[in-house]
Amino acid sequence: MTSTLVPRPSVETATGEVLAAVPAPVPETSPQAVPDRDADAPVLAIDIGGTKLAAAVVEPGGRIAVYDRVPTPNNPAMDAEGLWRTLAALLEKLLAEAGGPDLAGVGVGCGGPMTWPDAHVSPLNIPAWRGFPLRDRLSETYPGMPVRVHNDAICLAIGEHWRGAGRGRDNMLGMVVSTGVGGGLILNGHLIDGASGNAGHIGHIIVDPDGPPCGCGGRGCLEAVARGPALVDWAREQGWPGTTGVALAADARRGHPVAQAAMRRAGRALGLAIASATHLCDLEVVSIGGGISQAGALVFDPLEETLRTHARMDYARRVSVVPAALGQTAGLVGAAALVFEATKYWSAD
Ligand SMILES: [Zn+2]
């Protein structure tokens, strides 16, 4: 895994010369992440998803100082520029609330797919943006500082590794299971990007070759079995009368046999995928966030049982699977870490 120094923007050279008379404080961690800026400067973190646009001013330790969000416009007439204006207005308002701080950079988690690292984004749930040059537009708006964009599931995983359930562990898979199944992979303490920034796509590990078709064009992927809408579809085929994942989880808690079977089905699929990933990557910990982690033992018990049945190599037995710790803000914290902890989480530039 290579890491890249943040290029020194020319506009900052003069600042550096001025500061040269007074030695700048040395940051405690990752001095290469923000070499030219005040160690206390916050990051503007952005989380772009199908249901909401969220943003925060995040302090160097990962604390969220100011937070705001708006629903993602779902008006079919909304075009690319209209959506951009909605985001830009949110960011302007947020930074005003924060008192207009000098920023160390901008970190973004955005739904995929996207080209990476240049971040021409085409989020599945946001049809207004197809190949939208998100990184370029943010760089024009916030010149002279690093702007870094990654997949939203990867930012969740980074957040959990940096400040959540995977803190202090070097080898972790961070998963999110909701309307889709995504993930990010940390090995030897560093985010693994792969050839195109897509490493860690646990949702498309095959758990049942004869299983349901997947949105990727394949069949029997973990996502096709365990994502919320797939659980609802399966339960309805078995005679369950509801229509939403929330209702399914509530019925499972009340003891509805089909709803409970749907949760077991998801747990087993997750256990199979995690067993394979653990053997392949020698993981210490797997965190699971998203709606399904709310189901608790209804999902985690069959998950553990399946995992222990299949993860049999000595090194794989020690893996622990835990609910994500950070909740709704994990993606923003992870996006901020793309700037604050670049040596660990940002290999491109
Ligand atoms: Zn798939």
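Biologist: Helices (H or I, at least four residues) and strands (E, at least two) are DSSP runs, numbered from the N terminus. How many helices and strands does the protein have?

Modeller: This is a predicted model, in which local features need pLDDT of at least 70, side-chain atom pairs count only at pLDDT 80 or more, and totals for chains, interfaces and linings use all residues. Residues are numbered from 1 along each chain as its sequence is written. The protein has 12 helices and 12 strands.

Biologist: What percentage of the 349 residues count as buried?

Modeller: A residue is buried if 20 or more other C-beta atoms lie within 10 Å of its own, exposed if 12 or fewer, and partly exposed in between, with C-beta atoms placed from the backbone. Of the 349 residues of the protein, the buried share is 48%.

Biologist: What is the order of the strands in the open sheet that contains β4?

Modeller: Two strands pair if DSSP finds at least two bridges between them. At the edges of this sheet stand β3 (64–71) and β7, each of which pairs on one side only. The five strands, with mixed pairing, have the order β3-β2-β1-β4-β7.

Biologist: In which sense does β4 pair with β1 and with β7?

Modeller: Strand β1 (residues 43–48) joins β4 over six bridges, and Ile48 has Cys110 as its bridge partner in β4. On β7 (residues 147–151), Asn151 stands opposite Cys110. The pairing of β4 with β1 is parallel, and that of β4 with β7, over five bridges, is also parallel.

Biologist: Why is β4 described as largely enclosed?

Modeller: Gly105, Gly107 and Gly109 point one way from β4, Val106, Val108 and Cys110 point the other way, and all are buried. In a regular strand the side chains alternate between the two faces of the sheet. Strand β4 (residues 105–110) is therefore largely enclosed by the rest of the structure, its buried residues numbering six of the six.

Biologist: Which strands of the other open sheet are its edge strands?

Modeller: This sheet of five strands, with mixed pairing, has the order β10-β9-β8-β11-β12. An edge strand pairs on one side only, and here the two are β10 (190–191) and β12 (320–323).

Biologist: Which residue of β11 is the bridge partner of Gly174?

Modeller: Strand β8 (residues 172–177) and strand β11 (residues 285–289) pair in the parallel sense over five bridges. Within β11, the bridge partner of Gly174 is Ser287.

Biologist: At what angle do α4 and α11 pack?

Modeller: Axes are lines fitted to C-alpha atoms, for helices over the stretch in contact, and angles run from 0 to 180 degrees between N-to-C directions. Helix α4 (residues 152–163) and helix α11 (residues 330–340) have their axes 7 Å apart and pack at an angle of about 85°. Angles under 35 degrees count as roughly parallel, over 145 as roughly antiparallel, 65 to 115 as roughly perpendicular and the rest as oblique. That makes the placing of α4 relative to α11 roughly perpendicular.

Biologist: How many residues in the contact of α4 with α11 are nonpolar?

Modeller: Two residues are in contact if their C-beta atoms, placed from the backbone, lie within 7 Å; those of α4 include Leu156 and Trp162, and those of α11 include Val333 and Ala337. Ala, Val, Leu, Ile, Met, Phe, Trp, Tyr, Cys and Pro count as nonpolar, Asp, Glu, Lys and Arg as charged, and the others, Gly among them, as polar. Beside three polar and three charged residues, the number of nonpolar ones is nine.

Biologist: At what angle to β9 does α4 run?

Modeller: β9 is mostly covered, with six of its seven residues buried. α4 lies across β8, β9 (181–187), β10 and β11, and its angle to β9 is about 45°.

Biologist: Within what arc do the buried residues of α7 fall?

Modeller: The buried residues of helix α7 (residues 245–254) are Gly245, Leu248, Ala249, Asp251 and Ala252. They line one face of the helix, because, seen down its axis, the arc (that of the directions from the helix axis to the C-beta atoms) that holds them is 165°.
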